[in-house]
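Trainee: I would like to learn how to read a structure file of this kind. Please take me through some features in turn.

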Amino acid sequence: MKVVKFGGSSLADGPQFQKVIDIIKSDADRQVVVTSAPGKRDKTDTKVTDLLIKYAKLTMNHGDSTAIVRQLIGRYQAIADYFKLEAPAMAPIETAIQQLPTQSYPNNDYLMAAFKAHGERLNARLMAAVLNHLNIPATFVDPKDAGLLVSADPNNATVLPATYQHLATMTVGTKRLIFPGFFGFTEAGDIATFSRGGSDITGAILARGLSADMYENFTDVNAIYAVNPNIVAHPLAISKMTYREMRELSYAGFSVFHDEAIIPAIEGQVPINVKNTNRPDLPGTFIVPEKDFSPAHTITGVASSNRFEALYLHRYLLNKEVGFTLKLLQILYKYNVSYEHMPSGIDDLTIIFDKQQLDAATIQAMCHDIQETLHPDTLEWIDDYAILMVVGEGMRNQVGVIENIIAPLADNHIGVHMINQGASRISIMLGTKRADADAAVKDIYSRFFTDQVVTAAR
């Protein structure tokens, strides 16, 4: 049995719906389908989720939502019309959109979550109606009925362990089960949404909870590539990679998955296949457990991200002072700031942060407390910082990998501010200036893949 998830671009309109239906029909094992909300039909279009966010804000501010309601109903109606669905099939969807403002919510955060979730909820209901209309037996499954329980964080929920107990009791029969992605229900019965990548998370939860043989994630790309195609033209497609390779690369900027989205599938050891809705004939990329994996290349991929900033501390005999790091961490805790990495030397320490959790006032106050408490000889805030991740299971048993990574950067006068290799030995992290990041990625990719044949069909 396969769990199959389709993204928003795959379900944006009637013709895209038809592609998805053809994919579902082509494999009897595709028994559980996870839907996203309808995405953009073209570059000038608006996602249904964005329309629902606007609808929620109008509701909170007691604004006139007549036009946005008409627009939302129109998006679903256009798909229904494409398949010549009769009015009774659309009636529950139209009613649900109109009645969203009349429901009871604990606060505005839960109101926003409930409005957003209905993009997926109504699209799953519509998909089930279309499939049945086409004589493909299907059942809409609401997360509440399935027992998909999540934490009481309305717009950043996490799945609760009881969910897996509930899913284990479900029977997957001859009818396709159509689940909406992106949300679950709190123990109090309120809708709460996952963070970005929410439908991916739902798919991974169902793959684990239903003990799927495969989790197929259909997107709008042919495969996962060894490097960002916006940096290197026609890069090598990755045919197979491990869970931890995917996690490492996602962390540094690979955009196919949010790096936390596939954790439930990893926990359940369910293989993942990333495929293109518009080219379902292509093999895509398989993401598999590390056990018995044989790497095809020394490195699997290289990625970079500019979302980091760093704090550099220098003090002689820093390594001899007991409790130095503890005091530093207590200051970070005071400001509710987590750190990403902390490479150090005998007299130096660099703390790398995700800049999305910082603002100017927090940085200033935090640096003041560090100066007053730890008295460093040098304290420097570095906002020009990028991180590169070079990742590959094949690096574990290779000698000279770091030299091959650094050599092309030195040849092209790209400075490296930090090198860090984890104990797993499948990833090497580099710190550079932001302006150098893309060039560094190109140089590393060229060193390891320049002689490889591009295998992705285009």
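This is a predicted model: local features need pLDDT of at least 70, side-chain atom pairs count only at pLDDT 80 or more; totals for chains, interfaces and linings use all residues.

Mentor: Residues are numbered from 1 along each chain as its sequence is written, and side-chain values use heavy atoms, with hydrogens and water left out.

Trainee: Where is Ser-10 placed?

Mentor: Helices (H or I, at least four residues) and strands (E, at least two) are DSSP runs, numbered from the N terminus. Ser-10 lies in the loop between β1 (2–6) and α1 (14–25).

Trainee: Does Ser-10 count as buried or exposed, and why?

Mentor: Buried means under 20% relative accessible area, exposed over 50%, and partly exposed in between, with a 1.4 Å probe and protein chains only. Ser-10 counts as buried because its relative accessibility is 1%. Gln-16, in helix α1, is buried as well, at 12%.

Trainee: Which residues are in contact with Ser-10, leaving aside its neighbours within four places in sequence?

Mentor: Contact means heavy atoms within 4.5 Å. With those neighbours left aside, the residues in contact with Ser-10 are Gln-16, Phe-17, Val-20, Phe-218, Thr-219 and Thr-277. Val-20 is ten residues from Ser-10 in sequence, and their C-alpha atoms are 7.0 Å apart. Gln-16 in turn touches residues including Thr-277 and Asn-278.

Trainee: What is the strand order in the open sheet of eight strands?

Mentor: Two strands pair if DSSP finds at least two bridges between them. The order is β3-β4-β2-β1-β7-β11-β12-β10, with mixed pairing. β3 (138–140) and β10 (240–242) are at the edges with a single partner strand each, so one side of each has no neighbour in the sheet. β10 runs parallel to β12 (residues 285–288), joined by three bridges; Lys-240 has Phe-286 as its bridge partner in β12.

Trainee: How many aromatic pairs are found in the whole structure?

Mentor: Rings of Phe, Tyr and Trp (its six-membered ring) pair if their centres lie within 6.5 Å; planes under 30 degrees apart count as stacked, over 60 as edge-to-face and the rest as tilted. The search finds eight pairs. One of them is Tyr-82 with Phe-83, edge-to-face at 5.0 Å centre to centre and 75° between the planes. Tyr-82 is partly exposed at 42% relative accessibility, whereas Phe-83 is buried at 7%. Phe-353 and Trp-381 are stacked, at 5.5 Å and 20°.
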